[in-house]
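Trainee: I've got a protein open on my screen and I'd like to go through it with you. Start wherever you like.

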Amino acid sequence: MLGLGHGQCVLMPYTLQLGPQDRRALPFGGRGGRVEAEPGGEQVIDRDQPAPAQCPAPHCMQKVGDRRCRAHAGASNRPAVRDRPSGMSHPSPGPSLTPPTWPHCGHGSAPEDPVGCRGIHVPGNTACLAHLADSDRDTYLAGLTPGTDIDHRGTPFTEPLLSALLDSLRAPATQHPILGNARFESATFTGDARFDSATFTGKAVFESAIFEGKAVFDSAIFEREAWFGSVTFTGEAWFGSVTFTGEAWFGSVTFTGEAWFGLVTFTRNAVFDSATFELDAAFESATFEWAAWFDSVTFARNAVFGSATFRLDAVFESATFMGDAWFDSATFMGDAWFESATFERDAGFESVTFERDAEFESVLFERAAGLGPLACAGRVRLSGAVFGGPVTLLLAARRVECRRTRWSATAELRLRYATVDFAHAVFEYPLTIAAEPSPFVLADGQPVPDGLLGGAPDARVRMVSLRGVDAAHLVLADVDLSACLFAGTVHLDQLRLEGACSFDTAPSRTTWHHGHPVRFTPRRTLAEEHHWRAGRPEAIPGWNVAVFSAGHVGPAQLAPVYRALRKSFEDSKNEPGAADFYYGEMEMRRHDREGTTRTERGLLHGYWALSGYGLRASRALYWLAATMLATVLLLMGFGIAQDSPKQEATGTVPAGGGKVTFEIDKADPQNPKGDRFNGERFEKALNVTLNSVVFRSSGQDLTTTGTYIEMTSRLTEPILLGLAVLAIRNRVKR
C-alpha cells in the first residue's frame, strides 16, 4: 500500500513514470521518481528514475502531479510518502482480544484477556524481553552490538529494562546507542524512555506504542524512516535537535504532555496528519527540507513554529489551533496551505516570509487581532475566510484574494504591492483598505523585509473587483481603481474614497476613424467602460480590452454605477471629481439603446455636442465663437441696411390757419447693394452680435432678414455662453 494518508489506494508492484508536467508536485525537486515494491510489501522511492502521470491502481484516476485531488491522497498536492512497513495498523480503542500477527509471549493471560502479553519472542526463546528469565536476558543483551537489528514489538518496557537494552547498543567511542532496524510497534514504555543521542541506522518503527512517562529523543539521528504513527505520549515528548534523514511519520499521534521539536531537521517528508497536541507544541527553528503535513492536526494549547523553515509545501489544512499559533519569522519556500483551518485565538504571522502562495481559504479566525505584517511573493488567498473579531491585516503580497471573505467586526487592511480581489466580500462594520507607502515596521522598530517583492513595478495597491460588495461601510485610501470592476456593487454611493484614489482615463490622443478625427477628452473612467468600448466594432485604439472573467457589462448597467460614484464624490464635497462621473453617466445614457428613448438620445447627443453635457467649457465657447462669426457674416451680407433711412415729416396747413399736424415716417431699410463686406458694415454687425450675446438689442437698422438673424442669435448665443459659464463653474467649485 502506498502511504499517502487518508483515502489510500492499494498498489500492486508497479513502476510509476512521471512526465515533466507532473514532477512539480513531488518532493524530489522535479527530477521524477519511481515507486517500486520491495519484498515484504514495502514501497520505496527511487529518485533517480523518471516516473507515470497517473496512479496505476484499478479505478484510480489520480494524477501524481494533481494538486487538488482529495479522493486519492486525502489532501491537496500531497507528495508521495513511503508506505508503512508490513504489519502496521492503527490500534482500535480498548484491549483487543485479537492476538498480534507475530509470535507473542502470552504471559499473564486470563479469561478477560486471553491473549496476555503481546511482546514478540526474543530470538531463540518463547518469551518477550520483559518476561525472559534473567539469565536468558543477560545472554541476549550480551550478544548485542552497536548497529544490531532489534525487534521488540508489543514488549512492555520499564525504565531499567530499556536502559539495559540501550546500554548494550552503545558505541564504545561515544557511549551513544546505535540501533539498526528497530521495531517497537505496540510496545509500552513505563517511566522515562530515553533515546537521546541515539542513532537509528535502519528503520525505526514505534507505531501504536505507548509512552507513559517522559519520551526523550533529543539529538537523536534517524538515518532511515521513522514511524511514530498512532503513538500515545502520555508525558512530555522531547525531540529537540533531532535529525530525520528519512520519512518521519507522526500521523494520528497523541501528545498528552508538552511536545518539543525545536531545532529539528526533517530531511524528507514530515507527516503529522490527524495528530493531537493536548499541551504546548513547539517547532521553533525547525527545518523541513521536504513537505510538511499537519492537516487535521489539533493543537489544544499553544503551537509555536517561530523561525521555522519550510523548504517545500507546508500543509495545515483543517488544522485546529485552540491556543495561540505563532509562526513569527518563519519562512515558507513552497506553498503554505491553511485551508479550512481554525484559529480560536491569536494567529501570529509577524515577519513571516512566503516565497510562493499562502492559502488561507475558508479559514476561521475567531479572535485573531491581526495577521502580519508578512511578505508573500505570490498570492495570499483569504477567500471564504471568516474573521470573528476586530482585526488588522498587514500584507505585502503580489495578490490578495478576499472573495466571499466575511468580517464580523471592524477591520483594517494595510497593503503593499498587492492586487486585491474583493468580490462578494461581506462586512457589517467599517472596513478600511489602505495602501502603505513605507515598509511595515515591527513593534521593536525593525522593518519587515519585503525584498522578495523587489521585482514589482511599485508598491501601489490595485483593486480589481468590488462586485457583489455592500460598500456602505467601506473606505478606500490611496488605492488604484483603474482596473476595478464596480458593476453589481451595492450602496456604491456610500463608498468613501480617501487620499489619492485613482481611476483609469479615456485615451487622449486623436485617432482617425473612417476619414474623420476622433478624440476623447481626458476624464476618469471605469474599467468596465474600457472593456465595453474596446469590444465595439468601431472601437479605436487606447481602450483596454476586458480580461478573462470580467463579464459583459453595457451602458445600461454602467449608468447607475457612474451615478452612484458621482453621488459619493458630491457627498464628500468633491464637485470637480463628481463631474467626471456625471459625464460618464450621461455617456452611458446616450449610448443606451435599452433604457433611453430615441428622443432622449437625440437631446443627449445635442447636449454632448454643444457643451459636453455642460462640462466642457471649451466646446461651448467654440460653438459660441462659431455662432457669433456666422451671425456677423450673415448680418454683413443680408442684415445691415444699405443706408440708414431718414425720418420724414409731412403735414397739411389748413386754409384758414390753425393747428398743423405732422406725420413722421421712416422708409423701410433697403437690402444692401454693391460692396457688403467692408469695415463699416463689419462694425455694425459686430455691435449687433455682441449685444445679442448678452440678450440686448443693438438698435441698428436691419433688413427683414437681419431682424430674424438677430432674433436667432439672441436666442442661441446667450445659451451657449451660459453653458460655458456652467462648465467652468462645475470644474472649479468645491
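**Salt bridges and packing**

Mentor: Let's begin with a salt bridge between Arg589 and Glu600, whose closest N and O atoms are 2.3 Å apart. The pair links distant parts of the chain, with Arg589 in helix 6 (residues 575-591) and Glu600 in helix 7 (residues 598-611), 11 residues apart. A salt bridge here is a side-chain nitrogen of Lys or Arg within 4 Å of a carboxyl oxygen of Asp or Glu. Helices (H or I, at least four residues) and strands (E, at least two) are DSSP runs, numbered from the N terminus.

Trainee: Before we go on, what kind of model is this?

Mentor: It is a predicted one, so local features need pLDDT of at least 70 and side-chain atom pairs count only at pLDDT 80 or more, while totals for chains, interfaces and linings use all residues. Residues are numbered from 1 along each chain as its sequence is written, and side-chain values use heavy atoms, with hydrogens and water left out.

Trainee: Back to that pair. Is Arg589 buried or partly exposed?

Mentor: Arg589 is partly exposed, at 24% relative accessibility, and Glu600 also counts as partly exposed at 24%. Buried means under 20% relative accessible area, exposed over 50%, and partly exposed in between (1.4 Å probe, protein chains only).

Trainee: How many salt bridges does a search of the whole structure find?

Mentor: The search finds 39. One of the networks to look at links Asp357, Glu359, Glu361, Arg379, Arg381, Arg399, Glu401, Arg403 and Asp421. Within it, the side chains of Glu401 and Arg379 meet at 3.6 Å, N to O. That pair also joins distant parts of the chain: Glu401 sits in strand 42 (residues 391-401) and Arg379 in strand 40 (residues 370-381), 22 residues apart. Glu401 is buried, at 8% relative accessible area, whereas Arg379 is partly exposed at 28%.

Trainee: Which residue forms a salt bridge with Glu529?

Mentor: Arg533 does, and the closest N and O atoms are 2.8 Å apart. Both residues lie in helix 4 (residues 527-534), 4 residues apart, about one turn of the helix. An α-helix has 3.6 residues a turn, so residues three or four places apart point the same way. Arg533 and Glu529 are both buried.

Trainee: How much of helix 4 is buried?

Mentor: Helix 4 is mostly covered, with 7 of its 8 residues buried. Trp532 and His530 are among them. The buried residues pack against strand 52 (504-505), strand 55 (524-525), helix 5 (555-571) and helix 6. Contact means heavy atoms within 4.5 Å.

Trainee: Where do helix 4 and helix 6 meet?

Mentor: Glu529, Trp532 and Arg533 in helix 4 meet Glu587, Met588 and His591 in helix 6. By class, this contact has 2 nonpolar, 1 polar and 3 charged residues. Ala, Val, Leu, Ile, Met, Phe, Trp, Tyr, Cys and Pro count as nonpolar, Asp, Glu, Lys and Arg as charged, and the others, Gly among them, as polar.

Trainee: At what angle do the axes of helix 4 and helix 6 cross?

Mentor: They cross at roughly 30 degrees, and the axes come within 12 Å. Axes are lines fitted to C-alpha atoms, for helices over the stretch in contact, and angles run from 0 to 180 degrees between N-to-C directions.

Trainee: Changing topic: what does Tyr140 touch?

Mentor: Not counting residues up to four places away in sequence, Tyr140 touches Val122, Pro123, Leu129, Ile150 and His152. Tyr140 lies in helix 2 (residues 134-142) and is buried, at 15% relative accessibility. Its C-alpha atom is 8.5 Å from that of Pro123, a residue 17 places away along the chain.

Trainee: Last one: how many helices and strands does the protein have?

Mentor: It has 10 helices and 57 strands, and 50% of its 734 residues count as buried.
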